[in-house]
Amino acid sequence: MKILCLYNNECAIELFRWMEKEGHETYLSAARLDVNWCKEKRFDLAVSYTYRHIITEDALDALHHNVVNLHNSYLPWNRGADPNIWSVIDDTPRGVSLHYVNSKLDKGDIIAQKLTVMEAGETLRSSYVKLDKEAKSLFKEAFRYYKYWPQMRKKAMGKGSYHSLADAADIKECIDTYDISVEEFRKRANDIIQKNVKGD
């Protein structure tokens, strides 16, 4: 297959190299999509992982709506930005999800997902690395059944939660190192949230 691979974080490249080894033709891009270019290339599939740009309806049309995203949360929980951080703060279900992309952020039909467990002694760094590893593993397993994806797709159940980049702006200031323990980060983050609520 001819696959468009969209990313922002270098951690995604490992997955795209795996696709190459599986015999697929991959095109890596971190840039905002050019609709005409997408039409010219005639991709069979587009895979987004850590990609920071919104994929417009025009781009989805050019890609025949066969665009999927790997998201490091158990959707519909923690849609949007910083899912690892918010799953820690809000103590919501943690996991990874592979879903179709539509015009609504992280609301496309789910193909596959998996819950993960926060181990004792986890840090922000180790918790992110674990989600990254689980996301790639989920994709590789689901990719074996690619031809069945249209039949596997399902709606996420429940309202879940959403956070923008701005929501965590103040909270991220308390992170002096990503080796901070999850427990300590949760305490610091909740202190900041309480101060914001009180207007201190």
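**Close-up views of a predicted model**

G121 is exposed, with a relative accessible area of 60%. The model is predicted: local features need pLDDT of at least 70, side-chain atom pairs count only at pLDDT 80 or more, and totals for chains, interfaces and linings use all residues. Residues are numbered from 1 along each chain as its sequence is written, and side-chain values use heavy atoms, with hydrogens and water left out.

View A. G121 is found in the loop between β7 (110–115) and α5. Helices (H or I, at least four residues) and strands (E, at least two) are DSSP runs, numbered from the N terminus. M118 has its place in the loop between β7 and α5. M118 is partly exposed, with a relative accessible area of 26%. The classes are buried (under 20% relative accessible area), exposed (over 50%) and partly exposed in between, with a 1.4 Å probe and protein chains only. M118 touches V88, R94, S127 and V182, not counting residues up to four places away in sequence. Contact means heavy atoms within 4.5 Å. From M118 to S97, 21 residues apart along the chain, the C-alpha separation is 17 Å.

**View B. Aromatic pairs around F139.** Rings of Phe, Tyr and Trp (its six-membered ring) pair if their centres lie within 6.5 Å; planes under 30 degrees apart count as stacked, over 60 as edge-to-face and the rest as tilted. By this rule the count comes to 10 aromatic pairs. W18 and F139 pair edge-to-face, 6.5 Å centre to centre with 85° between the planes. This pair links distant parts of the chain: W18 is in helix α1 (residues 13–21) and F139 in helix α5 (residues 124–143), 121 residues apart. W18 is buried at 18% relative accessible area. F139 is buried at 0%. F139 also forms a stacked pair with F143, at 5.3 Å centre to centre and 20° between the planes. F139 and F143 are 4 residues apart in helix α5, so about one helical turn separates them. F143 is buried too, at 11%. One aromatic cluster is formed by W18, F139, F143, Y146 and W149.

**View C. The buried side of helix α1.** In α1, the buried residues include I13, L15, F16, W18 and M19. The buried residues of α1 pack against β1 (2–7), β2 (25–29), β3 (45–49), β4 (67–71) and α5. G23 follows α1 and has a positive phi, near 100°.

**View D. Helix α4 crossing helix α8.** The axes of α4 (residues 83–90) and α8 (residues 182–198) come within 9 Å and cross at roughly 80°. Axes are lines fitted to C-alpha atoms, for helices over the stretch in contact, and angles run from 0 to 180 degrees between N-to-C directions. The two helices, α4 and α8, are therefore roughly perpendicular to each other, a class that spans 65 to 115 degrees, with under 35 roughly parallel, over 145 roughly antiparallel and the rest oblique. I85, V88 and I89 in α4 meet V182, F185, R186, A189, N190 and I193 in α8.

**View E. Charges over rings.** A charge sits over a ring if NZ of Lys or CZ of Arg is within 6 Å of the ring centre and within 35 degrees of the ring normal. R153 lies over the face of Y100, 3.9 Å from the ring centre. K2 lies over the face of F43, 5.9 Å from the ring centre.
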